[in-house]
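Colleague: Hi! Could you walk me through this one?

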Amino acid sequence: MADLLRLLLRVAEKAADVARVCRQEAPLFQLLVQEKTGDDKNKKFVQDFKTLADVVIQEVIRHDVGAQFPEMVGFIHGEESNKFENGLGESVTVTVCGTEEETAALLATVLDGNHTAASLLARAIHQDPATIDVNTDGLSVPLSPSELGIWIDPIDATSQYIEGREEVLEEGHLSPSGLHCALVLIGVYLRSSGEPVMGVINQPFNHKDPAGGGWRGKHFWGVSFGDVSVCSVSRPEDGPAGGKGLSAVLSSSEKQVVKETLTSLCSPDKLMYASGAGYKILCVILGLADVYVLSEGSTFKWDSCAPHALLRALGGGVVDLTMSLQSGSVAQDHQIELTYHQPYTDGKGAGRWANHGGLVAYRDCSQLCSVISALKGKL
């Protein structure tokens with residue numbers, strides 16, 4: 001597991017490099033945007049975009065993990081289809097080739113012969129990222145790669161990535177929108193039970209380098225299986241929210257009844273809004289909010305798998321909201337935790353992997369119980 005963690009941190013950083021290159025080259029970025037259609041369109045957003053950056057990042061991760069752990073090849077799933085249409089209407093399957101030159105030639109067919117753009121992207125794909133030091137002491141987890149599957153969200157909060165607003169992050173505060181909401185998410189789950197056991201989150205646009213002005217990222221990781229719970233993030237010392245009542249983060253489009261119910265639990269300044277499902281769960285991981293509540297089935301397995309593993313390592317989790325509202329005892333009911341191995345049989349396209357019952361992400365079980373008991377009979 002330690003080898004897999006080190007690999008995922010490395011490929012997530014490579015993915016972050018690709019995301020940064022795509023934003024830095026404005027003409028390239030304009031070429032990359034294509035609209036999702038049909039069954040793969042996320043119904044929540046009027047305009048949800050697929051970017052070549054998404055597909056390339058996903059395929060980089062799939063390629064590098066498959067090369068080191070061949071037994072995982074059929075179980076590396078992503079948000080994106082790797083088919084991309086060029087200006088001539090030709091469908092091109094995007095994969096990582098053996099050499100930078102071959103990858104550049106393939107990407108040039110997607111980019112209508114724009115060799116400059118294709119070469120920039122291929123260089124980012126094939127370069128080795130900066131080494132990430134990680135202390136893997138205590139990570140002797142008795143799992144083999146053949147028991148595991150992976151969910152990849154190449155760029156969570158794609159709309160924020162495309163819009164590209166630059167916000168300065170304030171220590172200890174969540175920021176509702178902007179480039180920092182865009183995250184690379186890699187979650188590992190048990191094929192047998194769907195339990196999330198490892199997560200890597202890379203935030204490509206965490207801060208600007210004071211010297212060069214370029215973007216620098218930040219990474220977070222966690223492992224949770226059996227007796228092992230290790231996380232790069234520490235639990236807040238003074239307990240949830242410093243004992244000053246509950247804080248919650250929501251989507252601005254959340255149902256009014258949920259907003260009103262949580263207003264009665266939180267002080268007015270402790271009910272917050274932010275973009276991106278992954279970023280909202282990261283806010284809970286970092287202690288910027290105690291819970292993230294979503295009543296709609298508008299998130300997917302690739303959104304929640306990675307951050308769910310980090311929350312489990314911190315003693316929290318992510319539960320299905322609908323099942324929690326029907327449960328007799330939220331604190332003891334392990335059936336309400338989200339799992340990642342089985343599709344929703346009535347769904348189509350991306351909807352097969354939606355978290356249909358909504359969700360609550362939490363660090364502390366007592367706060368989860370407070371939220372569920374407040375929402376009972378309201379939804």
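Modeller: Happy to; we can start with a helix pair and then turn to a sheet.
Modeller: This is a predicted model, where local features need pLDDT of at least 70, side-chain atom pairs count only at pLDDT 80 or more, and totals for chains, interfaces and linings use all residues. Residues are numbered from 1 along each chain as its sequence is written, and side-chain values use heavy atoms, leaving out hydrogens and water.

Colleague: At what angle do α4 and α5 pack?

Modeller: Helix α4 (residues 100-110) and helix α5 (residues 115-126) make an angle of about 135°, and their axes are 8 Å apart. Helices here are DSSP runs (H or I, at least four residues), strands likewise (E, at least two), numbered from the N terminus. Axes are lines fitted to C-alpha atoms, for helices over the stretch in contact, with angles from 0 to 180 degrees between N-to-C directions.

Colleague: Which residues of α4 meet α5?

Modeller: Glu100, Thr103, Ala104, Leu107 and Ala108 do. Contact means heavy atoms within 4.5 Å. Their partners in α5 include His115, Leu121 and Ile125.

Colleague: New topic: what is the strand order in the open sheet?

Modeller: The order is β3-β6-β7-β8-β9-β10, six strands with mixed pairing. Two strands pair if DSSP finds at least two bridges between them. β3 (76-78) and β10 (228-231) are at the edges, each with a single partner strand, so one side of each has no neighbour in the sheet.

Colleague: And how many bridges join β6 to β7?

Modeller: Seven, between residues 148-156 of β6 and residues 183-190 of β7, and these strands run antiparallel. Trp151 sits opposite Gly187 in β7.

Colleague: Which strands does helix α8 lie across?

Modeller: Helix α8 (residues 277-285) lies across β6, β7, β8 (196-208) and β9 (215-225), at about 75° to β7.
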